[in-house]
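Have the structure open and follow along.

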Amino acid sequence: DRHTLDPISLPAAWRRYMGIDWGYAAPWAALWLAVDEDERVWVYRELYAKQVGEADQARRILDAERPTENVAVRWADDAMWATRGDAKPIAAVYAEHGVPLTPAGKGGRAPGWQRLRSYLADGPACPHHRAQGWEMCPRLHVFRTCGDLVRELPALPFATSGDPEDVD
């Protein structure tokens with residue numbers, strides 16, 4: 001409950017980013033994020049679906065964005081640059097359909113999870129929460145309209161073998 005809120009108007013001056021985790025049989029997810037002046041992250045939009053090809057994923061991304069929305073970088077799973085036989089890399093198909101991507105270069109899930117934990121932690125309250133009397137609030141805010149992220153993130157189990165810092 002501390003990390004979610006009903007959508008509010010976000011200043012146009014905040015930097016916008018997007019993150020993509022590709023999937024077909026498993027869901028693919030696209031998240032839009034705004035970063036405020038205090039480096040808090042605000043997740044304000046999501047796409048989440050199964051059995052959607054990469055060209056259609058790119059079209060859905062463009063359809064979801066406003067013409068005036070300036071997404072600085074679209075970070076994507078490094079695996080989207082892999083080649084499989086004669087097939088084009090997924091990132092190339094996205095680019096052909098107007099959605100250029102940048103490899104996330106995350107270096108594995110465990111470091112990514114640690115970074116996420118730092119954003120889940122509290123910092124001095126943002127103006128939105130200060131107005132509600134909060135002294136501290138999380139560094140990650142998620143609009144409740146991003147229901148798939150709100151449902152999936154807390155449900156991810158930790159690994160039962162291998163690296164205990166990883167997810168299963």
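Let's start with V150, which is partly exposed, with a relative accessible area of 34%. For the burial words used here, buried means under 20% relative accessible area, exposed means over 50%, and partly exposed is in between, computed with a 1.4 Å probe on protein chains only. V150 lies in helix α5; helices (H or I, at least four residues) and strands (E, at least two) are DSSP runs, numbered from the N terminus. V150 and A95 are 55 residues apart in sequence, and their C-alpha atoms are 29 Å apart in space.

Before going on, some ground rules. This is a predicted model, where local features need pLDDT of at least 70 and side-chain atom pairs count only at pLDDT 80 or more, while totals for chains, interfaces and linings use all residues. Residues are numbered from 1 along each chain as its sequence is written, and side-chain values use heavy atoms, with hydrogens and water left out.

**The pocket around V150**

V150 also turns up in the second largest pocket: 17 residues line that pocket, and L116, L120, V150, L153 and P154 lie nearest its centre. Elements giving two or more residues to this lining are α3 (109-120), β9 (140-143) and α5 (147-155). By class, the lining has 13 nonpolar, two polar and two charged residues. Here Ala, Val, Leu, Ile, Met, Phe, Trp, Tyr, Cys and Pro count as nonpolar, Asp, Glu, Lys and Arg as charged, and the others, Gly among them, as polar.

The volume of the second largest pocket is about 340 Å³. On a 1 Å grid over the protein atoms alone, a pocket is an open set of points with protein on both sides within 12 Å along at least five of seven lines, and lining residues have an atom within 4 Å of a point. Grid points are joined across faces, edges and corners, and the volume is the space filled by probe spheres set on the points.

**Cysteines**

How many disulfides does the count come to? Zero, taking a disulfide as a pair of cysteine sulfur atoms within 2.5 Å. The sulfur of C137 has its closest cysteine sulfur in C126, and at 3.8 Å that is too far for a bond. C146 is in no disulfide either; the nearest cysteine sulfur, that of C126, is 16 Å away. C137 is buried, at 0% relative accessible area, and C146 is also buried at 0%.

**Rings and charges**

The model has one aromatic pair. Rings of Phe, Tyr and Trp (its six-membered ring) pair if their centres lie within 6.5 Å; planes under 30 degrees apart count as stacked, over 60 as edge-to-face and the rest as tilted. W14 and W42 make a tilted pair, with 5.4 Å centre to centre and 35 degrees between the planes. W14 lies in the loop between β1 (4-5) and β2 (15-21) and W42 in strand β4 (residues 41-49), so this pair ties together parts that are 28 residues apart in sequence. Both W14 and W42 are buried.

Two arginines sit over rings, R16 over the face of Y44 and R45 over the face of W32. In each of R16 and R45 the distance to the ring centre is 4.9 Å. A charge counts as over a ring if NZ of Lys or CZ of Arg is within 6 Å of the ring centre and within 35 degrees of the ring normal.

**Positive phi and a few other spots**

Most residues other than glycine have a negative phi. E39 has a positive phi, near 65 degrees, and Q51 has one of about 55 degrees although Q51 is not a glycine. E39 is in the loop between β3 (28-35) and β4. Q51 is in the loop between β4 and α1 (54-64).

W81 is in the loop between β5 (71-76) and α2 (90-96), while Y48 is in strand β4. Here is how exposed these residues come out:

| Residue | Relative accessible area | Class |
|---|---|---|
| E39 | 38% | partly exposed |
| Q51 | 59% | exposed |
| W81 | 32% | partly exposed |
| Y48 | 31% | partly exposed |

Definitions and conventions. On a 1 Å grid over the protein atoms alone, a cavity is a set of points where a 1.4 Å probe fits but cannot get out, and a pocket is an open set with protein on both sides within 12 Å along at least five of seven lines; lining residues have an atom within 4 Å of a point.
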